[in-house]
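Have a look at the model first.

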Amino acid sequence: MSNQAELDKLVRSEYSAGFTTSVESDTLPPGLNEGVIRFISEKKGEPDWVLEWRLAAYKKWLEMKTPTWAHIHHPPIDFNEVSYYSAPRSMADKPQSLDEVDPELLRTYEKLGIPLHEQEMLAGVAVDAVFDSVSVATTFRSKLKESGVIFCPLSEAVHEYPELIKKYLGSVVPQGDNYYAALNSAVFSDGSFVYIPKGVRCPMELSTYFRINEAKTGQFERTLIIADEGSHVSYLEGCTAPQRDENQLHAAVVELIALPGATIKYSTVQNWYPGDAEGRGGIYNFVTKRGVCHDNAKISWTQVETGSAITWKYPSVILRGDNSIGEFYSVALTRNRQQADTGTKMIHLGKNTKSTIISKGISAGRSENAYRGLVRISPRAENARNFTQCDSLLIGDQCGAHTFPYIESRNPSATLEHEATTSKVSDDQLFLCRQRGIDPEKAVSMIVNGFCKEVFKELPMEFAVEAGKLLEVSLEGSVG
Amino acid sequence: MLEVKDLHASVAGKDILKGLSLHIKPGEVHAIMGPNGSGKSTLSNVLAGRDGYEITSGEALFNGVSVADMLPEERARAGIFLAFQYPVEIPGVSNMEFLKSSMEAIYTARGQEPLDAVTLLRKAREVCKLVDLDQQFLKRGVNEGFSGGEKKRNEIMQMLLLEPRLALLDETDSGLDIDALQVVAKGVNSLRSPERSIVLVTHYQRLLDYIVPDFVHVLAGGRIIKSGGKELAHELEDKGYSWLEGHDA
Ligand SMILES: Nc1ncnc2c1ncn2[C@@H]1O[C@H](COP(=O)(O)OP(=O)(O)O)[C@@H](O)[C@H]1O
Ligand SMILES: [Mg+2]
């Protein structure tokens with residue numbers, strides 16, 4: 001068989017997280033109006049000010065238009081076809097411990113490789129498990145409490161830490177920031193809230209695992225992480241969804257606040273259902289992630305994006321404080337008919353600020369993969385530095401890779417470096433591997449993993465292994 | 001070991017090999033010489049199964065089985081090793097990782113227990129030493145940023161570790177200085193054994209001073225036009241290929 005045919009076969013594969021969980025759910029009928037927002041707010045028993053905040057966002061959203069600048073194509077989304085709230089019925093009585101959680105839900109996470117019983121879990125990783133619109137369980141909370149770390153669903157934080165929420169919610173991504181952020185601000189459901197006190201190094205990795213289950217529902221989680229002065233936290237995020245023929249909407253907002261001297265490391269392995277080989281189904285992933293760095297603080301985004309029919313996502317850093325550091329490490333793999341338009345924004349405001357961008361795009365099948373990045377140096381950002389490296393790898397000849405780098409420098413003392421390459425998994429590389437007895441499948445995944453090495457080494461250990469495997473699954477063939 | 005009978009093969013629709021026959025027994029070392037463009041690399045690639053190199057008639061049997069019926073990786077696992085004329089880079093994939101995948105695939109196919117990590121590393125270090133390659137090369141990406149000579153030695157290093165039954169060395173000598181040539185020759189000679197066959201594809205007779213072949217063949221126009229013992233190489237050196245022009249074996 002020719003290498004090309006082999007490659008074509010390889011890049012089609014099955015999605016292993018595509019199962020559905022059968023639980024009875026309370027699901028809102030599709031449609032979006034003020035009544036829906038009031039319903040969500042009431043379900044969560046929110047104080048009035050949160051409801052007002054949502055309604056204000058909704059008003060803004062109504063006046064906004066869908067953005068059209070990204071290199072993606074899809075039929076218009078009918079926002080009245082989406083259900084904005086769905087929760088397993090068993091969660092209505094607010095289980096107090098894991099023993100009270102529907103075993104069917106626990107089994108779902110187990111099947112995904114994330115056991116929620118603390119004794120079975122990876123030591124050193126605390127998990128918040130979000131299922132459709134609600135948090136099912138958050139592990140190791142009491143242990144984290146001992147060091148003053150708060151890790152809980154945002155819906156709880158609204159009640160228990162209202163001052164922090166009032167101060168920081170929407171402070172990095174304002175309600176009207178963009179179309180999808182406005183929508184999220186109106187209808188957001190659960191997500192995680194993290195607070196690390198001054199000078200504390202969070203004793204475990206924190207992670208949130210997002211699962212969309214119910215048909216025709218969207219997921220609109222919101223995550224807020226505050227690292228107080230001199231603190232340190234590493235946070236991981238994973239996501240999957242069942243295999244369905246229709247598209248499902250995911251519009252999340254993540255806000256990070258790194259106070260002076262703090263470090264936040266935020267890693268994502270995004271494996272939402274990507275749709276089938278013909279482009280039917282899959283998640284539309286429109287996400288706004290942004291962090292702000294105060295003096296001497298550091299925010300590092302690492303993402304491995306392998307799923308979703310459409311990915312529209314630009315984890316960014318506002319380098320407000322002097323000597324602050326922003327990093328973005330990304331692997332985006334698209335195959336079949338997937339489309340990704342992803343990258344970052346590094347906004348240099350402070351003096352001696354430094355940013356690094358390493359982006360690796362891998363396109364296969366008939367997919368489209370775009371890197372879009374902005375580096376902005378403000379007039380007062382003396383001695384700002386950016387290094388950008390942007391590499392594309394093509395598998396086959398029907399896919400597309402694009403780079404859209406934007407550089408706006410208003411300070412002549414800035415040092416900006418930009419490197420970009422495009423390469424192919426060549427027949428020669430594949431033949432060398434096969435001549436050494438290596439399966440073509442294994443060969444492609446080895447070549448792709450090699451290409452991503454610089455990004456994978458930024459992931460926490462357990463995640464690096466998972467990410468490597470994910471690329472293997474994504475590329476492994478013979479199921480064709 | 002290898003029986004090539006009246007082989008015709010084309011590359012990208014162009015007929016290159018036009019009735020080539022060759023018989024190689026276990027333990028033998030054959031040299032195939034010929035001018036540039038005569039089809040030497042084509043022969044190696046056809047035997048190893050590179051995409052686009054097609055057998056149009058005739059056959060090549062490896063231990064009695066037609067190679068045409070085997071995928072490239074199956075040929076490799078059966079013991080055919082090709083040391084490339086132009087080894088390609090695989091950035092980010094360490095030599096060690098590559099060796100491990102290769103060794104596992106080949107050992108498993110042979111019904112042999114794959115080496116454990118410690119043994120593999122020890123063995124890899126030994127073979128690196130044999131071809132005068134620093135151990136650091138095991139950590140570097142496959143051929144990534146290697147000099148021409150280092151790439152060639154890296155090929156021989158892999159060959160020594162994988163211990164093939166039939167080794168095809170495609171111009172492994174070109175681009176090597178005399179010291180490197182001797183190192184490579186020492187490596188290849190260490191692999192000579194009664195069960196193993198070696199085919200040296202070369203443009204120059206120089207290599208044959210260090211690896212003495214049992215037979216020498218001259219390839220021109222897609223066919224073997226003359227075969228002989230090791231003296232033939234010296235004759236070629238003196239008289240040039242034009243001496244044989246129009247000559248039939
Ligand atoms: N991939 C290819 N596509 C087209 N022609 C090729 C290809 N590979 C080899 N050839 C042609 O086949 C002939 C023999 O080449 P090759 O086997 O590389 O010769 P040698 O190794 O003896 O120098 C040459 O005319 C060369 O141009
Ligand atoms: Mg050649």
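## The magnesium site

B:Ser41 comes out as partly exposed, because its relative accessibility is 22% (buried is under 20% relative accessible area, exposed over 50%, partly exposed in between; 1.4 Å probe, protein chains only). B:Gln85, at 16%, counts as buried.

Both residues coordinate the magnesium ion (ligand 2), B:Ser41 through OG and B:Gln85 through OE1, at 2.0 to 2.3 Å. Donors here are N, O and S atoms within 2.8 Å of the metal (3.2 Å for Na, K and Ca), and with water not among the atoms, sites may look incomplete. The pair sits 44 residues apart: B:Ser41 in helix α1 (residues 40-48) of chain B, B:Gln85 in the loop between β6 (80-83) and β7 (90-94). Helices (H or I, at least four residues) and strands (E, at least two) are DSSP runs, numbered from the N terminus.

## Where chains A and B meet

On the A side, 23 residues are in contact with 32 residues of chain B, contact being heavy atoms within 4.5 Å.

There are five salt bridges between the chains, counted when a side-chain nitrogen of Lys or Arg is within 4 Å of a carboxyl oxygen of Asp or Glu. One of them joins B:Glu73 and A:Arg434 (2.7 Å, N to O). In chain A, α1 (3-10), α9 (427-435) and α10 (440-456) each supply at least two residues of the side touching chain B. The largest share, eight residues, comes from α9(A).

## About the model

This is a predicted model: local features need pLDDT of at least 70, side-chain atom pairs count only at pLDDT 80 or more, and totals for chains, interfaces and linings use all residues. Residues are numbered from 1 along each chain as its sequence is written, chains are lettered from A and ligands numbered from 1 in the order written, and side-chain values use heavy atoms, leaving out hydrogens and water.
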